[in-house]
Amino acid sequence: MKIEKVTVNAKIMDIVEVTAANPTMTMARNVPLSSASSWSKVTFAMTEGEGEMTFRLSDSQAGKLTPGMRGQLTYKGEKFVAFKPENS
């Protein structure tokens, strides 16, 4: 079954930065040899009453977004595709 892209009007409700330690992280003279990974959980509310969705975005993707921002959210299944903010 093919999953189609969906585009809806949405508002960004919340952005939470998540940092997870790499389980294979090792130390050398108390200095980490590999860094932790980080990403952001971004929650969108559909403006036509379809509920909320939360996606995992890279820091570079989330860095362009702010809570309260409105625009068009595109997703495919449970995967974030894009968010195009409204022109102010």
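Colleague: What should I know about the model before reading it?

Modeller: It is a predicted model, in which local features need pLDDT of at least 70 and side-chain atom pairs count only at pLDDT 80 or more, while totals for chains, interfaces and linings use all residues. Residues are numbered from 1 along each chain as its sequence is written, and side-chain values use heavy atoms, with hydrogens and water left out.

Colleague: How many helices and strands does the chain have?

Modeller: Helices (H or I, at least four residues) and strands (E, at least two) are DSSP runs, numbered from the N terminus. Here there are one helix and seven strands. Their order from the N terminus is β-β-β-β-β-α-β-β.

Colleague: Which strand pairs with β1 over ten bridges?

Modeller: Two strands pair if DSSP finds at least two bridges between them. β4 is the partner: ten bridges join it to β1, and the two run antiparallel. Within β4, Thr43 stands opposite Asp14.

Colleague: How many bridges link β1 and β6?

Modeller: Seven, again in the antiparallel sense, with β1 spanning residues 5-20. Ala10 faces Gly71 of β6. Thr7 has Thr74 of β6 as its bridge partner.

Colleague: Which residue takes a positive phi in the hairpin of β6 and β7?

Modeller: Gly77, with phi near 65°. That hairpin has two residues between the strands.

Colleague: How many residues lie between the strands in the hairpin of β4 and β5?

Modeller: Five, and Gly49 takes a positive phi near 75° in this hairpin. The strands themselves, β4 (residues 37-46) and β5 (residues 52-57), pair in the antiparallel sense over six bridges. Ala45 stands opposite Glu52 of β5.

Colleague: Is Gly49 buried or exposed?

Modeller: Start with the cut-offs: buried means under 20% relative accessible area, exposed over 50%, and partly exposed in between (1.4 Å probe, protein chains only). Gly49 is exposed, because its relative accessible area is 69%. Its place is the loop between β4 and β5. Gly49 and Ala10 are 39 residues apart in sequence, yet their C-alpha atoms are 9.6 Å apart in space.

Colleague: What about Val42: buried or exposed?

Modeller: Val42 counts as buried because its relative accessibility is 0%. It lies in strand β4.

Colleague: What is the general rule for side chains in a strand?

Modeller: In a regular strand the side chains alternate between the two faces of the sheet.

Colleague: Where is Ala20, and which class does it fall in?

Modeller: Ala20 is in strand β1. At 24% relative accessibility, Ala20 counts as partly exposed. Its C-alpha is 8.7 Å from that of Trp39, which is 19 residues away in sequence.

Colleague: Which residues form the positive surface patch?

Modeller: Patches take residues with over 30% relative accessible area and no salt bridge; like charges are joined within 9 Å, and nonpolar side chains (Val, Leu, Ile, Met, Phe, Trp, Tyr) within 5 Å. Accessible areas come from the Shrake-Rupley method with a 1.4 Å probe, and for residues only the protein chains shown count as cover. A salt bridge is a side-chain nitrogen of Lys or Arg within 4 Å of a carboxyl oxygen of Asp or Glu. Lys and Arg count as positive and Asp and Glu as negative, with His and the chain ends not counted. Each charge is placed at NZ of Lys, CZ of Arg, CG of Asp or CD of Glu. In this model Lys2, Lys5, Lys76 and Lys79 form the patch.

Colleague: Where do Lys2 and Lys76 lie?

Modeller: Lys2 is in the segment before β1, and Lys76 is in strand β6 (residues 70-76). Lys2 is exposed at 66% relative accessible area, whereas Lys76 is partly exposed at 38%. Their C-alpha atoms are 10.0 Å apart, across 74 residues of sequence.
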